[in-house]
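Dear colleague,

I am passing on the structure that we spoke about, and my notes on it follow below. Please read them with the model open beside you.

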Amino acid sequence: MIKSLTQSEKRHFRLFTNRQGSTEGLKFLQLFDAFDAQEQPDEERVLAQVPTLKRAQLANLKANLYRQLLASLRLYHAGQNLDIQLHEQLDYARVLYNKGFYQQALRMLARVKQAAQVAELPHVALLALDFEKLIESQYITRSLHGRAEELAAEATATAAHLSQQHALSNASLRLYGLYLQAGHARNQADHEQFTEFFRAHVPERLPPGSGFWEKLYFYQAHVWYNTINQDFKSCYRYAQKWVDLFEQQPDQKESQTMLYIKGLHNLLAALFNMLYYSKFMEVLQVLEDFAASQTRRATPNTDTLLFQYIWTNRLNAIFLEARFSDGVELLPELLEQLGEHKNQLDLHRTLVFYYKIACVYFGSGQYRPAIKYLTRIIEHKDLSLREDLQCFARILNLVAHYEAGDDAELEHQVRSVYHFLGKMNDQQAMQVEVLRFLRRLGHFEPARLREEFLKLKLKLEEIAAQPYDRRPFLYFDIISWLESKVSGRSVQEIMQQKFLTLK
């Protein structure tokens, strides 16, 4: 917590604690200074450096310091978070109520309710309404005439609004969880399962009078559903609606920055999968410009997300343009920033970065570094996240071993991948064909190699034309690799030629 504070936040904390003027406050401030001076927290060094701190006091002082830090940060950031301000006013209303100033409490609650409704924060408005009902029902405030029905109607409408919002939020979150676990639909059965869930939890159209949050969750649910089913045109359409929602209500960009940039990222993902290069670069520039803006509010959360989304899409731009050799030169900067943000990034996103880094190395013809980063994915034992990523990392790893000349390892690697895919129940046509080919590769005469590569290429092109079998080709353009083996040109050259045909 202490190491995450900016200089401005630290200065505010000192002012916040000093104004209390207590001896106990000075003690936890000494503890704060001692921890702040350390690279890694070391309680023994703290006790040695600050003799006035006793070991028996340390646990209580740390707990008190933590509370004071949170209180200081809450006050420091209150001006930038309307929900914090509204909850603070609810607290003030409670103080007035406890002192018997019922009319003043009601006036404050009315202001909270109005502000919450304008900001589309129905959960805060409902808290204010419940408090209003409590005061009106228990005390003679001379305002109850006609208010009973009005308050009841307001509470009912707000609760229904909130229930609808939560239903869409839950559906969006669960669809996102399905995507993280399973990736894209593997077959018709997967498609039917996801579609059944989607239709059961997401309405066909937005209910009349839907506000910002209902629209946002509705668009999000469609983005996840269409991403799972590889309907990237529909995904693009709803991701654009997601971003447009923020453009229509620019104040939400400031208060809900993370959701705005996440919308831009999903729009970029849809454009990348559609190979819509010109629009992709246009939206990427919007994201880069937003990150560089001097007026945007910077927080550790938004800075980490901007790092993640900008670098993910910079790598995707490299894949579209097939500039792998240039991309390798950017990787040291990426890896340095990845280390800086490591504690804020979840495992799923870290694994995706490793896979993309491996693909850049592979595309540039540097197979050893590619194997290094693929191995980091393969060695990860928790298979609950991105099963598809684990599968395709192993496929690419096999090809990289072949290109690196590790013939002795190839047979063992093929058996290992067969075992893994069998356990995952995820053997698709592309994977089976590639594994079968690599298993027989050592038995082909050199003169037959080009012919066999061509046969595999033609088979995989047929497979890629099928709706659910094209999923593997989103992760690794193996057809371009095969074309390079047939034509004797590099993968980078083949893909650069394809880039010229993109719109």
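The count of salt bridges in this predicted model comes to 11, where a salt bridge is taken as a side-chain nitrogen of Lys or Arg within 4 Å of a carboxyl oxygen of Asp or Glu. Side chains of opposite charge can pair when their charged atoms come close. One of these bridges links Lys-113 with Glu-154, whose closest N and O atoms are 3.2 Å apart. Since Lys-113 belongs to helix 6 (residues 102–118) and Glu-154 to helix 8 (residues 147–182), the pair ties together parts that are 41 residues apart in sequence. Both Lys-113 and Glu-154 are buried, with buried meaning under 20% relative accessible area, exposed over 50%, and partly exposed in between (1.4 Å probe, protein chains only).

Two further bridges can be set beside that one. Asp-346 pairs with Arg-349, the closest N and O atoms lying 2.3 Å apart; Asp-346 is partly exposed, at a relative accessible area of 35%, whereas Arg-349, at 16%, counts as buried. Through salt bridges that share partners, Lys-113, Glu-132 and Glu-154 are joined into one network. Asp-326 and Arg-323 also meet through their side chains in a salt bridge, at 3.9 Å from N to O; Asp-326 is partly exposed, with a relative accessible area of 41%, and Arg-323 is likewise counted as partly exposed, at 29%.

A word on conventions belongs here: residues are numbered from 1 along each chain as its sequence is written, and side-chain values use heavy atoms, with hydrogens and water left out. As this is a predicted model, local features need pLDDT of at least 70 and side-chain atom pairs count only at pLDDT 80 or more, while totals for chains, interfaces and linings use all residues.

As to the chain as a whole, it holds 24 helices and 0 strands, where helices (H or I, at least four residues) and strands (E, at least two) are DSSP runs numbered from the N terminus. Of the 503 residues in the chain, 48% are buried. Among contacts (heavy atoms within 4.5 Å) between residues at least 6 apart in sequence, 63% join residues at least 24 apart.

Which helix packing did I look at? It is that of helix 11 (residues 232–248) and helix 13 (residues 257–274), which pack at an angle of about 155 degrees with their axes 8 Å apart; axes are lines fitted to C-alpha atoms, for helices over the stretch in contact, and angles run from 0 to 180 degrees between N-to-C directions. Helix 11 and helix 13 are therefore roughly antiparallel to each other, a term that applies to angles over 145 degrees, as roughly parallel does to those under 35, roughly perpendicular to 65 to 115, and oblique to the rest. Residues that make the contact include Phe-232, Tyr-236, Trp-242 and Phe-246 of helix 11 and Leu-259, Leu-264, Leu-267 and Met-274 of helix 13.

Finally, the backbone deserves a look at two positions. Most residues other than glycine have a negative phi, and most peptide bonds are trans. Glu-120, although not a glycine, has a positive phi of about 55 degrees; it is found in the loop between helix 6 and helix 7 (122–138) and counts as buried at 16% relative accessibility. Ala-322, also not a glycine, has a positive phi of about 60 degrees, sits in the loop between helix 15 (300–321) and helix 16 (324–340), and is buried at 0% relative accessibility.
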